[in-house]
Amino acid sequence: MQKRQNTFKIKQTIKLKNQPKIIGSYAIVGPKEGQGNFGPYFDYVMKNDHFGEKTFEKAERKMLESAVTGVIQNAHLQPKDIDLMIAGDLLNQIISSSYAARAFQFPFIGLYGACSTMAESLAIGAVLVDGGFYQNVVCCTGSHFSTAERQYRFPLELGNQRPPTSQWTVTGAGASVVSLEGEGPKITAVTFGKVVDWGVNDVNNMGGAMAPAARDTMLSHFRNTRTKPDDYDLIVTGDLGKLGSEILIDLMEDEGITLGTNYGDCGQMYFKREQETLCGASGAGCCATVFNSYIIQKINEGQYKKVLFLPTGALLSTTSTQQGDTIPCVCHAIVVEK
Amino acid sequence: MEDKKRNEAYNKYVSAKIPKTRPWPSLFNSFWVGGLICLIGQGINDIYLLIFPNISQQTGWSLTLITLIFIASFLTGIGVYDQIGKFAGGGSIVPITGFSNSITSPSIEFKSEGIIYGICVKMFTIAGPVIVFGVASSMVVGLIYWIISLF
Amino acid sequence: MEIFLTYLWVFLVGGLVCALGELLIITTNITSARILVTFVLIGVFLEAVGLFDYISDFAKAGINVPIVGFGASLAKGAIGAVKTHGFLGIFTGGLTATAGGIAAAIGFAFLFALIFHSHTKK
């Protein structure tokens, strides 16, 4: 065991001095996602959304399970090496994650960070590993278009049109293994975000609701780490979508920070134009699959040296929406370095 | 207080930022698809009147609507109606076929929760308000006519 | 020639009613349930003030197939039943007139729900 260094905290940001590594990553997606822009980078593309299961909920659960199995293999570990599983998803009472955890019998922390769950689980996992409490931690999340659609919106067969600001929930799951031993990109800092609500209540405009949360976390992260956008090779938000990322650029401009060509949004880049997803992709699986395939691979290849990954999550429920409440949002950031 | 002002300003800014879609293509699509569904209805009605010349116009309409409801329900089942709806919007929501679709789609969707709690309970999640408002307003109309008839 | 003119009216009026619904969707972003409720209420109103039959005379299916016709039947049933049965008609009229449509919608929905599974959107 190497000598432990002092991890310290500046306000919301924790600097991880022992630099836990992401020693394995795995992404599994549905067929539509496989045809998208990141298609060639995914580990596995399902042939159909049912994944051989009777219901879509069971398919989502199976997707999470196969992501965990896959990531353990990719990290060259055995299931007995895993000390802890941190996972979350979009369904009520995060059932998919809990059932997946049941299948593996790992100690389990269930999270609900909506679409920000990937960064939230990685951040918590990294802190626990950095503190020496756990050796190998699996962080995992996913979403399924059909389960999210029927929980949050309308039945699949209903003949309605999607509003121009709506986004497409990604069918996919991503998983990472965080550990001190082994090779892989290092997590050097994490920033846990506050819940931000700027009074948007249009559930079809998640980008607009979540952009202020991304702004808040981004500002405190830059302030606490004394960095600026140019210090990163890639700054990537989760699923703000086309509209939301444009709003974020404007909001940051107001603060005197220019997000240049090194800024991107997973949701905006996910699908091709002809796939008709309007404002882009969303869902916990969106940034989870991009992070665990494209971003990790590009860091390993050396194209990116320092990446700021800050997915946002909209913490609403159908009940709060129907009661006319506005949408509370959160954004967690992690810094990943080569 | 300051938050409220900021939120109002932000909401105004966001609604200005929302991309404006050109309304004409979707209006045109819903126009011709909606018109076509009505044409099909008229065709079915004329055929019924041709086969059964003795039925009244009202009975003819009832049979026509039942036929259209059957077709829409079937198209919903095989997964075609939502694609028509994606293309036509109001054109396939406003006709009686849209009503049929709004009853059949949740029934199929929630089949996985069982026949009683899935199909039967969720059947009216979308169409329920239509029946409630329709029946309630017809009662109001009936009440008004009854009061008028008293004098 | 006359039949052609009839069908033209059906197409034009039916299309116009549907386009009106689409216009409501575009301008106010309301959901399909609200659209249906709005048009049923329009139908009830048109029948109650006696305008519906005038439109129905030349537009035929163009106004009867849209859910407006459903609303009109409800109101027509209520009025007719009040005339024949008096007070009781307020309660029995509307549903009696539309029983066929509602029963068909429920019956077929139940039948097809038993047969088919939901499909993922493309």
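A crossing of two helices is called right-handed if the near helix is turned clockwise from the far one by less than a right angle, and left-handed if the turn is anticlockwise.

**View 1. Packing of helix α8 of chain B against helix α5 of chain C in the predicted model.** Helix α8 (residues 128-150) of chain B and helix α5 (residues 67-85) of chain C pack with their axes 8 Å apart and at an angle of about 35°, and the crossing of α8(B) and α5(C) is right-handed. On the side of α8(B), the contact is formed by B:Gly134, B:Val135, B:Ser138, B:Val141, B:Gly142, B:Tyr145 and B:Trp146, while α5(C) contributes C:Leu74, C:Ala75, C:Ala78, C:Ile79 and C:Val82. Sorted by class, the residues in the contact of α8(B) with α5(C) are nine nonpolar and three polar, with no charged residues.

View 2. Leaving aside residues up to four places away in sequence, A:Thr191 touches A:Gln12, A:Thr13, A:Thr217, A:Ser220, A:His221, A:His332 and A:Ala333.

**View 3. Confidence of the prediction along chain A.** The mean pLDDT of chain A is 92, with 99% of its residues reaching 70 or more. Among the elements of chain A, the lowest mean pLDDT, 78, belongs to strand β1 (residues 8-10), whereas the highest, 96, belongs to strand β9 (residues 172-179).

Note on methods: Residues numbered from 1 in each chain as written. Chains lettered and ligands numbered in written order. Predicted model: local features only at pLDDT ≥ 70, side-chain atom pairs only at ≥ 80, totals over all residues. Heavy atoms only, no water. pLDDT = per-residue confidence, 0-100. Helix = DSSP H or I, 4+ residues; strand = E, 2+ residues; numbered from the N terminus. Axes fitted to C-alpha atoms, helices over the stretch in contact; angles between N-to-C directions. Contact = heavy atoms within 4.5 Å. Nonpolar A, V, L, I, M, F, W, Y, C, P; charged D, E, K, R; others polar.
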